[in-house]
Amino acid sequence: MYYLVVHGGAGNLSKSSEPAVKHALRRACKTTIENITANSSALDLVEQAITILEDDPCLNAGFGSNLTLEGTVECDASIIDGKAQSFGGVGAVHGIKNPIALARKVLEHSQSVDPLGRVPPLMLVAHGARQFGESRLDPSCFVDPEALVHPKAFENWTRWKDVLRNPSTEITYDKMQDTVGAITFRREPNEIAAGVSSGGLLLKHPGRIGEAAAYGAGCWAEQADVACEDNSRLFSVACSVSGCGEYIMRASMAQSIGSAVLAALITEDDVHEVLQRAMLRFWNDTKKRCDDQPNAGVVLITTSKDDDEWTVRLWCAFTTPSMTVAYISSNSQAKVGPS
């Protein structure tokens with residue numbers, strides 16, 4: 001049995017964009033589940049689902065990403081395996097059709113043994129990341145950087161570049177800004193994984209890296225095996241985060257929320273209260289530093305196994321006006337939650 005959750009970012013989703021975003025999330029769920037094979041791992045599903053989201057121009061990841069100040073596409077992505085605690089991230093990459101595929105290669109490389117005893121990287125950026133992928137990715141993953149610039153993204157860039165030159169006191173910056181992501185739980189053999197991918201903030205400085213690339217910020221997955229008197233209980237959590245990367249990285253949001261929720265599962269505390277406290281702490285800490293809106297959203301899967309009975313739950317929390325989430329299991333239809 002597989003469980004898959006995807007999201008399209010936390011922000012202010014306009015009514016005109018809502019149908020396309022929800023369609024993209026449904027398609028990612030449905031197509032990923034339909035392509036499951038006997039050997040599909042939780043990591044495989046996370047990568048496949050995010051790849052579909054990256055290819056959809058209505059979302060801020062891969063093709064359709066927000067443009068930098070220079071009018072180029074630079075993407076961040078990361079992926080994590082809860083069982084092995086292995087992680088791979090890439091930042092500010094250009095000319096890569098699906099950054100999540102490159103992040104997966106970094107994760108796999110992080111598990112290798114170096115002949116000189118060097119510690120393998122957890123994250124690679126810019127030219128170095130692209131160079132790393134040249135010997136590991138299919139040639140079709142590499143495209144002309146301009147091929148990732150969608151006309152709508154260019155239109156938004158032109159509009160807001162003009163606003164930047166001639167600022168107004170009546171600016172409504174209402175575009176979806178942030179990360180797409182996915183979480184998968186595979187019941188047998190108890191695998192859980194999460195990932196994120198993002199084009200970053202519109203008009204960001206070239207070279208800027210957000211939470212989607214950073215360890216412990218954009219995604220997290222963790223498991224625990226707790227010994228009891230007459231048996232052991234299995235717990236796991238995975239989450240994917242979206243929002244303003246600078247604030248999220250300061251808070252190490254994915255890891256801090258994921259670990260706190262896992263601890264609550266073990267001690268049988270109220271997960272809802274843990275999430276509420278975490279989001280409130282994030283809000284208050286951010287407000288101490290600036291007057292900006294502390295934009296962030298998180299989706300989580302929690303699992304627990306007592307004897308032979310599994311309990312799998314989906315959670316979502318956000319400080320923004322909306323966050324669109326879709327979910328599916330391998331024996332159900334895709335559903336899109338309220339935004």
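Let's begin with helix H2, which has 14 residues and reaches 20 Å from its first C-alpha to its last, close to the 20 Å expected at 1.5 Å a residue. Keep in mind that this is a predicted model. H2 is mostly covered, with twelve of its 14 residues buried. Among them are Leu43, Val46, Ile50 and Leu53, and also Asp44 and Glu47. What does the covering? The cover over the buried residues of H2 includes strands S1 (2-11), S2 (75-81), S5 (180-186) and S6 (191-198), together with helices H1 (18-34) and H3 (99-110).

Take leucine 4 as an example: leaving aside its neighbours within four places in sequence, it is in contact with Ala28, Ile33, Ala49, Ile183 and Ile328, among others.

Strand S5 is our next stop. Is it enclosed or open? Seven of the seven residues of S5 are buried, so this strand is largely enclosed by the rest of the structure. Val180, Ala182, Thr184 and Arg186 point one way from S5, while Gly181, Ile183 and Phe185 point the other way. S5 runs antiparallel to S1, and six bridges join the two; here tyrosine 3 has phenylalanine 185 in S5 as its bridge partner. S5 also runs antiparallel to S6, with seven bridges between them, and arginine 186 is the bridge partner of glutamate 191 in S6. In the hairpin of S5 and S6, four residues lie between the strands, and asparagine 190 takes a positive phi near 60°.

Let's move on to another part of the chain. An open sheet of four strands has the order S7-S8-S9-S10, with antiparallel pairing. Its edge strands are S7 (219-227) and S10 (309-318), each pairing on one side only. From one strand to the next, the twist averages 10°. Strand S9 (residues 296-306) pairs with S10 over ten bridges, and glycine 297 stands opposite phenylalanine 318 in S10.

Two helices pack on this sheet. Helix H7 (residues 253-267) touches S7, S8 (232-243) and S9, and its direction makes about 150° with that of S8. Helix H8 (residues 271-289) touches S9 and S10, and its direction makes about 25° with that of S10.

Definitions and conventions:
Residues numbered from 1 in each chain as written. Predicted model: local features only at pLDDT ≥ 70, side-chain atom pairs only at ≥ 80, totals over all residues. Heavy atoms only, no water. Contact = heavy atoms within 4.5 Å. Pairing = 2+ DSSP bridges. Axes fitted to C-alpha atoms, helices over the stretch in contact; angles between N-to-C directions. Expected span 1.5 Å × (residues − 1). Buried < 20%, exposed > 50% of the residue type's maximum accessible area, 1.4 Å probe, protein only.
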